[in-house]
Amino acid sequence: MAFDGIVVANLVRDLNDKIVSGRISKIAQPEKDELILTIKGNRENIRLLISANASLPLLYFTETNKPGPLTAPNFCMLLRKHISGGRIVSVTQPGLERVVRIEVEHLDEMGDLRRKFLIVELMGKHSNIIFCDDRNLILDSIKHISAQVSSVREVLPGREYFIPHAGEKKDPLTITEEAFKELIKGTPQILSKALYLDLTGLSPVAAAQICHLASLDGDISAKELSDAELTHLYHAFSWVMDDVRQGKFTPNIVYQKEKPAEFASIPLTMYEGGDYRSVSFPSISALLEQYYAEKNAVSRIHQKSTDLRKILSNSLERSYKKRDLQQKQLKDTEKREKYRIYGELLNTYGYNIPEGEKSFSCTNYYDNTEVTIPLDPTLSARENAVRYFEKYNKQKRTFEATTDQLMQTQAEIEHLESISTFLDIARKEEDLAQIKEELTEYGYIKRHFSGGKKQKKIISRPFHYLSSDGFHIYVGKNNYQNEELTFKLASGNDWWFHAKGIPGSHVIVKSEGRELPDRVFEEAGALAAYYSKGRNQDKVEIDYIQRKNLKKVPGAAPGFVVYHTNYSLVASPGIPVGELE
């Protein structure tokens, strides 16, 4: 995450464009460290969310309204008293600090015009929202910081407000080329670290991007740079700072496969290619709202799937142990044919074996080899033959029973591994609910009695994509959806794709009576690879076949099919097409 001074500068520009001259109509404090200001301006109501959460400080425009508590907290009441109805005069950022100063003009109790400042500090665990008067004195703050908590700065009513001293950090917007070179050359840090430790407002991501623009390795020692490399680095740094000064921002999220990895207000060209793709946004607020919504969704889904993952893990572990035991039992039956042959040879040649012999050698008439048969000297040759036949029959029965059991165990493992793969694919709570329903149906989770109440039907829809050539592609999110897509949605001439030999989604391409271009096969193959257990591999082999050549496995779990003739291709996992709702 790169919530740095550059992103704050982007926010300040957007705030100036949208809320300056607007009036604050509502102030709410839905959380102990969060405000929502409703601002009237240009014939529209704009909601501004401000959060001083230690782990997730935020500032962006939002369409979502959160209900506040019945009794407003003291900080909220103070703001309502002073600046409710006030006009926003300006929004500024000191240097490239992660600080936003919102200046509000209002009338006091005497009807005189006054100005107050709402200062938002977006500094990680030190984040705060501070309310000051025109003399720079703190009236109150959403978090009180006493001398016992911080020896650097008290944030309490009556104290003078100042920005915490940033050590020896320099302002990147005003630093000269000579000072920049001297600063970087004099640091003991690696290059990327030198940039964000010695310059205000730069994040590790921004520093790495500047190194990338300069074609320099960010992990080399800053002291090792030549004068020419320092000049090149300064020019790359200046290009970025010039864009910040001129308000030329490019809000974008970098996705690694489907997950949001980073965001920034400058292009992150260092992530181009491979598993990464960049998506641009019209504003930094739109970016932040989507980024944190997706991050929260991923986090929430992961938390909610924890119990299911534990059940799956335990069930798989039991099945693996059962399979190991059954394979060992099968291995123990490998001598059964030898015992049958021993019995037959003793019946054939045993008439001339003297009593009390411990072994007998003869020719095996099946392969003309010489064999030596161990004997129990207390038994006759016939009795020894009977003993060997009994051993053979016992091991034969064990082999047949264990083979059936092993096939069932392997099918159970494949079923559980497929569910595990679909847990990784799940995006929404409905997806998890359908997976839980499958685990319940197959006895891995106990079904609770609902008291006769009708269960609410779970609606989880498959992924729906449109190929570059206009063909509709559907991807199952679980075994139920695989079954539905393949045997109900797909018609005979539609095409079916699946990762070869590993759990994954059924991918259906609706042909609609047309011949599919090669590009559609490649795109469907990439989706089948991505929505499979091999999604982290460079290449995955994909089987594809027309739906009419598929058959359901009798008695198998949903989504399991058999086919005898198919085509194959090798695909790189990815999502090369646009998703439809």
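Arg427 sits at 30% relative accessibility, so it counts as partly exposed (buried is under 20% relative accessible area, exposed is over 50%, and partly exposed is in between, with a 1.4 Å probe and protein chains only). The model is a predicted one, in which local features need pLDDT of at least 70 and side-chain atom pairs count only at pLDDT 80 or more, while totals for chains, interfaces and linings use all residues. Residues are numbered from 1 along each chain as its sequence is written, and side-chain values use heavy atoms, with hydrogens and water left out.

Arg427 pairs up with Glu579 in a salt bridge, their closest N and O atoms being 3.1 Å apart (a salt bridge here is a side-chain nitrogen of Lys or Arg within 4 Å of a carboxyl oxygen of Asp or Glu). Arg427 belongs to the loop between α10 (381-425) and α11 (429-441) and Glu579 to strand β23 (residues 578-580), so the pair ties together parts that are 152 residues apart in sequence. Helices (H or I, at least four residues) and strands (E, at least two) are DSSP runs, numbered from the N terminus. Glu579 has a relative accessible area of 42%, so this residue too is partly exposed.

Arg427 also turns up in the largest pocket, where Glu258, Ile425, Ala426, Arg427 and Phe463, out of 50 lining residues, lie nearest the centre. The space in the largest pocket comes to about 1,600 Å³, counted as what is filled by probe spheres set on the points, with grid points joined across faces, edges and corners. Helix α7 (residues 284-304) supplies the largest share of the lining, six residues. Sorted by class, the lining holds 21 nonpolar, eleven polar and 18 charged residues; Ala, Val, Leu, Ile, Met, Phe, Trp, Tyr, Cys and Pro count as nonpolar, Asp, Glu, Lys and Arg as charged, and the others, Gly among them, as polar.

Across the whole structure, the search turns up 25 salt bridges. One of them joins Arg87 to Glu105, with 3.0 Å between the closest N and O atoms. This pair links distant parts of the chain, with Arg87 in strand β5 (residues 87-92) and Glu105, 18 residues apart from it, in strand β6 (residues 99-107). Glu105 is buried, at 13% relative accessibility, and Arg87 is partly exposed, at 25%.

Lys552 and Glu483 meet through their side chains in another salt bridge, 3.3 Å from N to O. Here the partners are 69 residues apart, Lys552 being in strand β20 (residues 551-552) and Glu483 in helix α12 (residues 479-489). Lys552 is partly exposed at 35% relative accessibility, while Glu483 is buried at 19%.

As for backbone angles, most residues other than glycine have a negative phi. Ser215 has a positive phi of about 55 degrees although it is not a glycine. Ser215 lies in the loop between α5 (204-213) and α6 (227-246) and is exposed, with a relative accessible area of 64%. Glu512 has a positive phi as well, near 50 degrees. Its place is the loop between β18 (507-509) and α13 (518-530), where Glu512 is exposed at 53% relative accessibility.

How values were computed
On a 1 Å grid over the protein atoms alone, a cavity is a set of points where a 1.4 Å probe fits but cannot get out, and a pocket is an open set with protein on both sides within 12 Å along at least five of seven lines; lining residues have an atom within 4 Å of a point.
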